[in-house]
Every structure is written in structure tokens, then in C-alpha cells.
Amino acid sequence: MGVSLAVAATAAQPAFADEAAICYNCPPEWADWGGQLKNISKDLGIDVPQDNKNSGQTLSQLLAEKDNPVADVAYYGVSFGIKAKEAGVVQNYKPTNFDAIPDGLKDPNGGWFAIHSGTIGLFVNVDALDGAPVPQSWNDLLKPEYKGMVGYLDPSSAFVGYAGAVAINRAMGGSLDDFTPGIEFFKKLKENDPIVPKQTAYARVLSGEIPILLDYDFNAYRAKYKDSANVEFVIPSEGTVTVPYVMSLVANNPHGENGKKVLDYVMSDKGQAHWANAFLRPVIPSAMSPEAASKFLPEADYARSQPVDYAKMAAVQTGFSDRYLSEVR
């Protein structure tokens, strides 16, 4: 009896390991990764544990574990994917539908590739504004009536924070060669007592703790259509950016074939449709149904989002982060 139990226990352990894949930065509350991970478990039989890192933390961990990798796949904002490729912590892999990904939204060799994108704006809990109007511009956030109400993710660590900084900087007259207008904006905003978390703060907006969050459209649409919250998404009048999130296969990963299967699934027609139904723009446009598209703001609002050079955005990120940490925080 004791021997057979021991054999059963021993057999159970590698079986679990063989059916696992580790993803860094697959937070269940973000972009409905929670739903996608359930789909992967159901359809592939591969268990992918939830992971609440942000993009910067993901890259730091991959670098720290370079000689003994733990993760199989990684998900992050595009600038971090570019940096991961440069640092040699990912390996080339071309998943399902790779050829359909537009140029500029993938490393040609498969070191990273976009899976979906989001547009930066204001995710507003209307009920938590205490009667103040819904802000319509970046400059509105500096008004005294929004003191203590504005949140943004730490732009020195979280990609959404950095993307917001790029959008604000350009709206204030700056460029990827000159972040001074953006830094000056954040200095002014600091006087309005902003809330600056490091990780996704979706639940804190719904609770009213953060009435206004610089965030993506998909989080606001989810709050409105899935959680029936009284929220609005605003694309600021001065303009914004749309940025992709990308994935990579980690170099020398422990569950290589499972990692590839996860990436294939995320890029499959079914996986892409899941993102569209979670209010993200899938990188394969045909995955967006008319019903999903109808939940988005009109195209006239999205016209205020201008293209950005993602490689340049990655190249200047450290310089911006250093300035933010020394001059703002």
C-alpha cells in the first residue's frame, strides 16, 4: 500500500509539470487573461498559472534568470519585447498566423510579435467624481477639482504608464527626442496628489478609490459592458497613442513545446477572437466581429491616436525613466 501510494505520488508530479507552461505577466484582471488561461486549460490541457508582474518586472526577472530560466513565454508592452530580444533572453518562434501580422508589429525572425493592442485614454468612474464633470483632456487632470482623483501606473516600471507618458509628452509638444514637456506635466500633476500604483488597478477604479485612471480602452469597456459599472472612456482632445502588447518564447525555457502551443493558441483564430470579445484590437483584424466593434468609441475619436515609432520608443525608455525617477518621483 505504502509503495503504491509513493509510486502514485511520484507519477503525479511529473504529469503536472508536463502539462504546465509558465507565463510571466499574464494577470487575470488584465485584458481578460483570466478567461484566456481557462480556454488554454480547457482546449490544450495545459495549466498556465496566473501571474501579476508588470512588463518591467517581467523583463527584470527574465534577465535575472537568464542562466536558469523559469518562464516559458512572456507578455509585455512592445518596448519591453524589443529589449528582451536585444538582451538575448528570448528565442525566435513564429506562431500560427505569424505571416498575417503586419510589418512593424513583429520581429521579422519571431523574437517578439504583437497579439493585440490598446489605446491610451482616461478610464473614468463617473459615480466617484463627486459631481465634477468627466475630464475631456490631459490638461483637465491638472484642475483643482480632480485633486486626489487621478491615477496612473508607474511609468518607470509599467508599460501602460510609459505609454501614457509618451502620449502626454507628445500632446504637450514633446517628442521621443524631448521628454521635457511630459516631465513638466507630471510635475504639475504631482501637485494634484495623484495615485501611482505599479500594477493594474482595475478593481480600484471600480471601487471608486481611483476615480480617473490613465489606462487602456479595453479596461474601460470591460468595466462598462461586463461589470455594468457607470464608467466612461475618454480619448483626450489633445491626442493619444495606440500601442501593441507582444509575446515571446523564452530562451532555454523548461516547457518548450507547451510554450509554443500556448503562443499558437493565443495567435489562433479562436484566441484572437477572445481578445476582440475582451475589447482589445486583435492583431489579426478579421477576428473582430461587428458586435465586438460596436462596443468601441466611434472611429472619429480614435482618429486622435497617432502612430508612434515603437523601436525608438524602446530605445529612449530608459532615459525617460531616469528623468521621471529623478525629477518627478
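Which residues have the most contacts inside the largest nonpolar core? They are Trp-33, Phe-159, Tyr-216, Met-247 and Met-313, in a core of 108 residues. Such a core is a set of buried Ala, Val, Leu, Ile, Met, Phe, Trp, Tyr and Cys residues joined through side-chain atoms within 4.5 Å. Helix α5 (residues 159–171) supplies the largest share of this core, eight residues.

This is a predicted model, in which local features need pLDDT of at least 70 and side-chain atom pairs count only at pLDDT 80 or more, while totals for chains, interfaces and linings use all residues. Residues are numbered from 1 along each chain as its sequence is written, and side-chain values use heavy atoms, with hydrogens and water left out.

Leaving aside neighbours within four places in sequence, Phe-159 is in contact (heavy atoms within 4.5 Å) with residues including Tyr-216, Tyr-245 and Met-313.

Strand β8 (residues 242–250) has eight of its nine residues buried, where buried means under 20% relative accessible area, exposed over 50% and partly exposed in between (1.4 Å probe, protein chains only). Helices (H or I, at least four residues) and strands (E, at least two) are DSSP runs, numbered from the N terminus. Two strands pair if DSSP finds at least two bridges between them.

| Partner of β8 | Bridges |
|---|---|
| β2 (residues 73–77) | five bridges |
| β3 | two bridges |
| β4 | six bridges |

Within these pairings, Tyr-75 stands opposite Met-247, Val-90 opposite Val-250, and Thr-119 opposite Thr-242.

Pro-102 lies in the loop between β3 (90–91) and β4 (113–125). Pro-102 is partly exposed, at 36% relative accessible area.
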